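Trainee: Could you walk me through this one before I start on it? I would like to go region by region.
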Amino acid sequence: MSQHTPKPLSLSKDLLTAAWEKEGTPEDAGTDTLLSPLWPPSGLRIPISLPSPGYEEQGVQQWSGDDHGHDGSASLVWVATPGMLFQEDKQNKLHPLSLSRVLGYNSSLAVHSLMDGEDRVILYVSSHTAVIHDVLGNRQYHLQGHTNAISCLCVSEDRRWVATADRGPDALIIVWDSFSGIPVRTIFESHPGEGVSAIAISRDAKYLATVSAGTVQRVCVWKWTLPTEKPLCSTELRPEFGCQDFMIFNPQNPHEFVSNSKTQVIFYLWGDAGLQYSAPLLNSETFGTVVGHFSQSAFHFNNSQALTGTSAGKLAVWDTTDPYGPSREPQAKPHSRKATKLVPLQKDSLTVLTVFERNFILSTSDATVLRVATDTTNFEKVMDEAKQAVNAIACHPWQALLAVGSRCGLLRVWDYQQPKYLVSRVFTEAGIQCLCYDPAGYYLAAGFTDGSVHILDAISLQSSCKEFKFSHGPVTHISFSHDSEYLATADEKYAVTVYKRVLQNGSRCWQHLAGMHSHYKPIRSILFGVQLDSHKPRLLSLGEDRQLVEYDLNSSSKDHLVVLHRDRLEQFAVPLCLAWYPQLSTESFILTANNHYKMKLYNTTTKMCRKTLLGPTYGSPLEKIQILPTTNTMDPQKHYLAYVTKDKVGLQILPVDGNPHKSSAFLCHPDGVSDLATSFDGHYIFTAGGNDCTVMKWEVNLNALDAAASLGGENLIPFYSLLDGGRGGEFFRELEDYFYYVQLRGHGIDSLETRQVSTHIPLEEIPSIMRAMGFYPSEEKIEEMINEVKFSEYVDTGEQVTKISLEDFIKLYINHRPAFGLSMKKIQRAFQVLGYDNENGDKVIDRGVLLSLLLCTGEHMTEDELAQCLITLLGNRPGEGGSEPDTPDLAGAPALIEEEIPAEITAEIFTADILGLPIAEPERKRTEKKDGSLIYEDSES
């Protein structure tokens, strides 16, 4: 089981030696006039701190310009030269999935030029990754290390050092060497719980300035070359200043910088006295004219003036105030400034303000990047990407083509082997919500936000027929049948619509067949398959209403869609995705994944649940799944599943059995994944990031996944690690004791005859041991577990299994128990729904109401069953003496209930006093604070 952000390239002395042999020692190397020398500035010490998967902080190693016994960990930084990133493939390919290409970028952040002239290299941000893009060579290098979307970045004057920062939990500041792609400094916990809103680097590249993203913003100055997590100085800003989201150093003075929000510009000066600031006033009353909102600020060539652009198309000029009053005594701080004039430049907003002396890169808010030459009036378009969310992607069934659809209506087809865009089309009426190629590769169907459906030629993107508009809400899913004769869609109004290809006037065309509102909650999947006894298509839809609906396409007619079967798949969990399971055995299955981190196999004919299995547990449940296509070169017995969670992409080895080492996941889009696609040959997986406007191409390395699974152990070894304490722990020993106690009870506790100890127990005893181990399944869950074992060999042998071994029981227990234990938060949530506020403000349930709920709702109990349970729970507590009777006396139940159960029951009383479950003291204190404490350490929240 692994979850990664790929680790940066490791450093070695062998690489240093090879580099010296090829390039000569650093002392012999020349320096570029526009770029920094190979050596850091005099006295600049660079701590090497590499973020790794899991982000445990690594040991800090230092090197300086005065050291000649070079450390191997710093070798690549020592000898790095401009452009060396693209001399060979340096990206890490040791993981099951490796990021190989990114489409799209964050147009709200600046695009920087790292190299110009013959070597044209730019830097931009795509979600949580900074991309160094060789425009002419059509190559990318990815700076990966953040777990949240990058919120800001800056580049040193010499374009050697890149600093990136993010906001959110576990926010990081990372300084990269742009020549080698190595992270040379990582600052953890710079602004705990908030992250960074803006960042700037001084002209001498020694200092960073950051401002936090919280309501009360904190400004810090860092000497990033020092191996410390503390800033040199810091200060807090008043909330009325607004959210400061831009900052820049004075190029003439590294101790001075400026930041601004939409309403306030702030000037800073730092030194031995700490960090001081001034916030001069500028509004419509200052000069009697409209100012507008501030966008960006910059320092003028001379050291006395600063400039700020506004949304009213004006330029605010700031100048230092006279530090001496009439008495010639100091009256103001040296960094104090005031607005001296407001210069109107244009009617439109000034969004970017910068000082430059060379060719520059211009990035627009509509995701277009231009290269502008200062010595001419020429400009060159470098990139033109989607302007709004990318919600839909689809792979061609037999060519290296990827269709990408955006909410702005832009549809593009991308050759992912070249890589380059081939053809595009813009739909102005609505945004694209979903895409699908037909299995033959002739058509591309697109579903739109206005409910329309377009069927296009797969090559030219021209319409093959008139658009259809039979959905009353955005089309969320679209799929072709295996023979390309049917097309089905699902929309946000819980309706399924089917289209059919017919022969009309001697030619084949598409027409609307029928539709119906087959669900009452959002539809999660629509899936075509092939009937087992014929080659005709079958259609299924799966909804959050827990219903799996199968349609009878043969019996359906114009405007009449016939439902063949309707099956409820889950009792409590919500199914989220659906796929046909590969034919790994005689029996055929449908695979589903639910929001309880479980994967289930259902018989394709009877829809009976045949297996429940623990799925990948990487922070959120599986949202979409696809069977990875196989090629002729692959082992025909090996199959794999590609999946995405809320923010990760992963691979799972099939068959699914609950082994956590057979799965691996990688962070792909921290703000959410909108779609998943796999290449026709199974070599690549593609993910779309929705609002981050990016598509990521992941290279698949199945050997790495197989190796990880092998290292995890065989047989029961991976499952022992999922038990509390493992194979030698108290939990396992207790399980063994219960297992053999059941055998003793079967022979009779008081029997004096010689006993035959077996390695199996009857299936009827499964519920008792499950409950004894702290897992309390419902009656329906118990039936599922018993049937899973009973019919496990029926298809192959025709016989039912009547007993289970300890090894199989452990697998059954691990796969069926809640993935994160019992959560106090869930119990409190139930009381929030069912209870009321008492006079103390606590959520409580009346005693009579609780008993009524247990008797009349859900898997309701009889009065005798309820009385027996309560007597068992309340009648004999540890330390109270006596022993548990074989048959509880039900006559005393009413008096015991009234005595032991209070009239008003809180979640804590129900858990600790009635159920007798322990609540740890730290958790109990948090419960009293009403923040959702947990019963067990491994529980969900």
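**Helix packing and aromatic pairs**

Mentor: In this predicted model, the buried residues of helix 12 pack against helix 11 (847-856), helix 13 (893-900) and helix 14 (907-914), where contact means heavy atoms within 4.5 Å and buried means under 20% relative accessible area with a 1.4 Å probe, protein chains only. Local features need pLDDT of at least 70, side-chain atom pairs count only at pLDDT 80 or more, and totals for chains, interfaces and linings use all residues. Residues are numbered from 1 along each chain as its sequence is written, and side-chain values use heavy atoms, with hydrogens and water left out.

Trainee: Which residues are buried in helix 12?

Mentor: L866, A867, L870, I871 and L874 are buried there, and seen down the helix 12 axis they fall within an arc of 130 degrees, so they line one face of the helix; the arc is that of the directions from the helix axis to the C-beta atoms.

Trainee: Changing topic, how are the rings of Y416 and Y684 arranged?

Mentor: The ring centres of Y416 and Y684 are 5.8 Å apart with the planes at 65 degrees, so the pair is edge-to-face, given that rings of Phe, Tyr and Trp (its six-membered ring) pair if their centres lie within 6.5 Å, with planes under 30 degrees apart counted as stacked, over 60 as edge-to-face and the rest as tilted.

Trainee: And what about Y416 and F686?

Mentor: Their centres lie 4.9 Å apart and their planes at 55 degrees, so that pair is tilted; Y416 and F686 are 270 residues apart in the chain, and both are buried.

Notes. Buried < 20%, exposed > 50% of the residue type's maximum accessible area, 1.4 Å probe, protein only. Helix = DSSP H or I, 4+ residues; strand = E, 2+ residues; numbered from the N terminus.
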